[in-house]
Amino acid sequence: MFENVRLEEAEVTTPILDRHDIHRQLQDVLAVNQAIVSCNRVLVEALTSGTQATGLQSGVTHEPDCDNARAPETSQLADELHREFAARVSTICRQLMNEDRLREAGSQRRARRKATMKASQNHHRSRYGAELSSSGRVFTAEGVTLREGDVLQLASQLRPGSIDAVITDPPYCSGGTLPAERTKPPESKYCQGGNTLGRPTFSGDSRDQRSYAYWCTLWLSLCREACRESAYCLVFIDWRQLPTMTDALQAAGWTWRGIAPWDKGRGARAPHRGFFRHQCEYVVWATNGRVPRLQDRGPFDGCYRETVRKQDKFHITGKPTELLRRLVTVAAPGELILDPFAGSATTGVAALLEGRQFLGFEASSEYFDIGRERLIA
């Protein structure tokens, strides 16, 4: 009668219950319960029949009927079904409790992550002063903030003494000797055949010599005011604008200390065979006052050789990540590096890899998106 009632033992190792799985298990429990009800009905009928069989009249006996004979077997089966019922209910309860614990653990992890991000935001906010305001977007994670907006607007809101180092690659406004050549789009000036290989272009690269010097003095002055004493400032530039950049640095109040050439390798372009290759760009370095006497790092290299690799270039004038990893060590671990022209956020990626904090500004919405994705990765 009840031979097919037994069920296989339920799986208890599933970490998160599936809705269909829990429905199946509940159906199994109901089947066991129905079998118990049927057993109880048989037992009641057997007991009733047994009572009548012993007779109400003295000395009269009857042979037990079939149901009465099966009473012990039915009783044993009922006991086994009760145990199976209890085991199945216990299994479902354990799974539900396990799911609750997993959900609670997930909620706690999300809460900790949210608290970490909030603490990071508060830390950056406490260092900058009032929260920087702009109409652009902002990305914040642990140890990193990337803001979309103009450098003059955002840098003017920084708290004095909040920045430990400035490392940046501004627009060069270069690419030719004549004004007509220098006002061409960046992709025409800096990309072979004007091919950007799918990378976005950028604006702000067509200033003439006088406006470029004045503009650089403005943003370099704002950055210096936000820096602590002895902070480093490292600015990339090419040979055409090297004199202008060294003048702007000093006009902004920085103490110019020298240049460190970056050798891009013999794959660098030359207009024709009569030229020397445009093989080097330059890192102009300065300090906000005296040069710090370091005990844990330095002296730093006076020249660098890093080739540009296609898979590591996310901006049409992007610099190698390995080069930036070497440069960010002018700041101590945990210190805050500002890049007011973040571009594809290579400085930020290098800072995070080397255990430094990062604040970046980027005016281009396309490069803000690229930089954010790199920082997330």
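Mentor: Residues are numbered from 1 along each chain as its sequence is written, and side-chain values use heavy atoms, with hydrogens and water left out. In this predicted model, local features need pLDDT of at least 70 and side-chain atom pairs count only at pLDDT 80 or more, while totals for chains, interfaces and linings use all residues.

Trainee: What is the strand order of the open sheet?

Mentor: Helices (H or I, at least four residues) and strands (E, at least two) are DSSP runs, numbered from the N terminus. Two strands pair if DSSP finds at least two bridges between them. The open sheet has nine strands with mixed pairing, in the order β1-β2-β9-β8-β3-β4-β6-β5-β7.

Trainee: Which strands stand at the edges?

Mentor: Each edge strand has a single partner, so one side of each is left without a neighbour in the sheet. These strands are β1 (138-141) and β7 (304-305).

Trainee: Which residue in the turn between β1 and β2 has a positive phi?

Mentor: β1 and β2 pair in the antiparallel sense over four bridges. Val138 has Arg147 of β2 as its bridge partner. The two strands form a hairpin with two residues between them, and the residue with a positive phi, about 80 degrees, is Gly143.

Trainee: Which residue of β9 is the bridge partner of Arg147?

Mentor: β2 (residues 144-148) and β9 (residues 357-362) run parallel, joined by five bridges. In β9, the partner of Arg147 is Phe361.

Trainee: How many of the five residues of β2 are buried?

Mentor: Buried means under 20% relative accessible area, exposed over 50%, and partly exposed in between (1.4 Å probe, protein chains only). Both faces of β2 are covered: Val144, Leu146 and Glu148 are buried on one side, Thr145 and Arg147 on the other. β2 is largely enclosed by the rest of the structure, so the count of buried residues is five of the five.

Trainee: At what angle does helix α10 run to β9?

Mentor: Axes are lines fitted to C-alpha atoms, for helices over the stretch in contact, and angles run from 0 to 180 degrees between N-to-C directions. Contact means heavy atoms within 4.5 Å. α10 (residues 346-353) lies across β2, β3, β8 and β9, and its angle to β9 is about 175 degrees.

Trainee: Which backbone oxygen does the side chain of Gln357 reach?

Mentor: Gln357 lies in strand β9. Gln357 is buried, with a relative accessible area of 15%. At 2.9 Å, its side chain reaches the backbone oxygen of Gly334.

Trainee: Which elements do the buried residues of α8 pack against?

Mentor: Helix α8 spans residues 242-251, and its buried residues are Leu242, Thr244, Met245, Thr246, Ala248 and Leu249. Just after α8, Gly253 takes a positive phi of about 100 degrees. The buried residues of α8 pack against α7 (209-226), β4 (227-237), β5 (255-263) and β6 (280-287).

Trainee: Which residues touch the most other members of the largest nonpolar core?

Mentor: A nonpolar core is a set of buried Ala, Val, Leu, Ile, Met, Phe, Trp, Tyr and Cys residues joined through side-chain atoms within 4.5 Å. Not counting residues up to four places away in sequence, Leu220 touches Cys233, Val235, Met245, Ala248, Leu249, Ala252 and Trp254. The largest core has 62 residues, and those touching the most other members are Ile163, Trp219, Leu220 and Trp254.

Trainee: What kind of aromatic pair do Phe236 and Trp262 form?

Mentor: Rings of Phe, Tyr and Trp (its six-membered ring) pair if their centres lie within 6.5 Å; planes under 30 degrees apart count as stacked, over 60 as edge-to-face and the rest as tilted. The structure holds seven aromatic pairs. The ring centres of Phe236 and Trp262 are 6.2 Å apart and their planes stand at 80 degrees, so this pair is edge-to-face.

Trainee: How many residues apart in sequence are the parts that this pair ties together?

Mentor: Both Phe236 and Trp262 are buried. Phe236 lies in strand β4 and Trp262 in strand β5, so the separation in sequence is 26 residues.

Trainee: Is Thr287 buried or exposed?

Mentor: Thr287 is found in strand β6. Leaving aside neighbours within four places in sequence, Thr287 is in contact with Ala231, Tyr232, Trp254, Thr255 and Arg257. With a relative accessible area of 0%, Thr287 is buried.

How values were computed:
A polar contact is a pair of N or O atoms within 3.5 Å; within protein, one must be able to donate a hydrogen and the other to accept it, and residues adjacent in sequence count only if both atoms are side-chain atoms.
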